[in-house]
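Thank you all for coming.

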Amino acid sequence: MKIVACNSNLPLAEKVAAELGLPLCNATVRRFADMEIFVEIHENVRGEDVFVIQSTCSPTNDNLMELLIMLDALRRGSARRITAVMPYFGYARQDRKSGPRTPISAKLVANILVEAGANRVLTMDLHAMQIQGFFDIPVDNLYAAPLFTRDIRGRMKLDGEPPLPYDAPPMDIPGGPHNLMIVSPDVGGVVRARQLAQRLNVDLAIIDKRRERAGVSEVMNVIGDVRGRYCILVDDIVDSGGSLCNAAEALMKHGAAAVEAYVTHGVLTGSAVSRIGQSPLGMLTLTDSIKATEAVKESANIRQISTAALISRAMQAISDESSVSSLFD
């Protein structure tokens, strides 16, 4: 196995390599003066099982192009199998025609990845599960729910729970653990929220909202009794933070004791970090699928948990031709 890292999330790639006890492949990804991307691999990859780690987050097009050129370089270097490890899959929100004469960009990206040389894709919490069907190659979609479950149970300091391998603020739930409630911020995320609620054996509530235009949402109703409950919003992507903050405000207005959020991918564009800092959210927990900005690192109510162990185990399973689905438990 060889691990190659592009530039979008080097800290995560280094953690994954450390988990596997392997060095990162010696490769160069740089820009010419006109910003064209140049890739050079300084090791022999002929006949190797190669994993390329690259989230296609902002700057999305640059990071996607880096990945495509790296895939092409590995294919031309006669790698036996090339797996694109994309902790965050950009363009995933464009998974259908949203109106007349609009693209399905997620399908286009899938086609380009395969054409560039990817033999397999490993990703996490795709925005829409049907994107797996856009590929004619195997796609392994990991879930952050096991990480979130362990983190929440560890923060509640339940008896029998192993200590967390990192500093985590305690979760003091009035009335005890059974007063916890998982909340989906929209109807489309109910399946994801229900899975976490089932893992924790707690109740589920749903936010019903109406989106007037892109990036702006208006909370209409809270389905479920949240009075006095410690609410945890669960979602796959937080972008501008408007929907998440509106949902938190709606829950507090309906009598929630406190509100937190667990989100897989922290896109956090524009003034999102500031907006979250001024919101009723006690804490926003993200994974490191997207590299944290300085604003995120300095925020008092945003934290990251690492996906390195999960991703490294999936990569090892793929390399060994063993079960990846066992990691979903």
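This is a predicted model: local features need pLDDT of at least 70, side-chain atom pairs count only at pLDDT 80 or more; totals for chains, interfaces and linings use all residues.

Let me begin with cysteine 6, which is buried, at a relative accessible area of 0%, where buried means under 20% relative accessible area, exposed means over 50%, and partly exposed is in between, with a 1.4 Å probe and protein chains only. Residues are numbered from 1 along each chain as its sequence is written, and side-chain values use heavy atoms, with hydrogens and water left out.

How many disulfides does a search of the whole structure find? The search finds zero, a disulfide being counted here as a pair of cysteine sulfur atoms within 2.5 Å. Cysteine 6 is in none, and the nearest cysteine sulfur to it, that of cysteine 25, is 11 Å away.

Turning to the charged side chains, the structure holds 17 salt bridges, each being a side-chain nitrogen of Lys or Arg within 4 Å of a carboxyl oxygen of Asp or Glu.

One of them joins lysine 2 and glutamate 43, at 2.9 Å from N to O. Lysine 2 belongs to strand β1 (residues 2-5), whereas glutamate 43 sits in the loop between β3 (37-41) and β4 (49-53), so the pair ties together parts that are 41 residues apart in sequence; helices (H or I, at least four residues) and strands (E, at least two) are DSSP runs numbered from the N terminus. Lysine 2 is buried at 18%, while glutamate 43 is partly exposed at 31%.

In the salt bridge between aspartate 72 and arginine 76, the closest N and O atoms are 2.7 Å apart. Both residues lie in helix α2 (residues 60-76), four residues apart, or about one turn of the helix. Aspartate 72 is partly exposed, at 22%, and arginine 76 is exposed, at 63%.

Aspartate 235 and arginine 192 meet in a salt bridge at 3.9 Å, N to O. With aspartate 235 in strand β11 (residues 230-238) and arginine 192 in helix α5 (residues 190-200), this pair ties together parts that are 43 residues apart in sequence. Aspartate 235 is buried at 12%, and arginine 192 is buried at 18%.

Finally, Asp49, Arg81 and Glu321 are linked in a network of salt bridges.
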